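Me: Hi, I'm new to this one. Could you walk me through it?
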Amino acid sequence: MSWYILALVTLLETNKPDIKINMSVKFSTKETCEKFLYTYKDIFKIQLVELFPNIKVREIMCIDSKSAKEIQKQLYGTKI
């Protein structure tokens, strides 16, 4: 199973929840993802706000591909 970094965010203009998934960094285990995130979490938050200035970052976490697809399906009705 693959693991990715997911950010739960709020869109400031609508106050609606959204997700941002970093698909460029993929991990083979939850442990390696969490180690990476522990080191770079603050940098990820800064980069997210720079890329998407109209969001508020609520949480950043590691998530497996199956769960990410389910969250995206619930939010948007589609899959990754």
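Reply: Happy to! Helices here are DSSP runs of H or I with at least four residues, numbered from the N terminus. K45 sits in one of them, helix α1, covering residues 30–51. The model is predicted, so local features need pLDDT of at least 70, side-chain atom pairs count only at pLDDT 80 or more, and totals for chains, interfaces and linings use all residues. Residues are numbered from 1 along each chain as its sequence is written, and side-chain values use heavy atoms, leaving out hydrogens and water.

Me: Is K45 buried or exposed, or in between?
Reply: K45 is partly exposed, at 32% relative accessibility. Buried means under 20% relative accessible area, exposed over 50%, and partly exposed in between, with a 1.4 Å probe and protein chains only.

Me: And what does K45 touch?
Reply: Leaving aside residues up to four places away in sequence, K45 touches V57 and I60, where contact means heavy atoms within 4.5 Å.

Me: New topic: how many aromatic pairs are there?
Reply: The count is 3. Rings of Phe, Tyr and Trp (its six-membered ring) pair if their centres lie within 6.5 Å; planes under 30 degrees apart are stacked, over 60 edge-to-face, and the rest tilted.

Me: Why is the pair of F27 and F36 tilted?
Reply: Their planes are at 50°, so the pair is tilted, with ring centres 5.2 Å apart. F36 and F44 have planes at 85°, so that pair is edge-to-face, with centres 6.0 Å apart.

Me: Which residues do the ring pairs link into a cluster?
Reply: F27, F36, Y40 and F44. F27 is buried at 11% relative accessibility, and F44 is buried at 12%, while F36 is partly exposed at 25%.

Technical notes
Helices (H or I, at least four residues) and strands (E, at least two) are DSSP runs, numbered from the N terminus.
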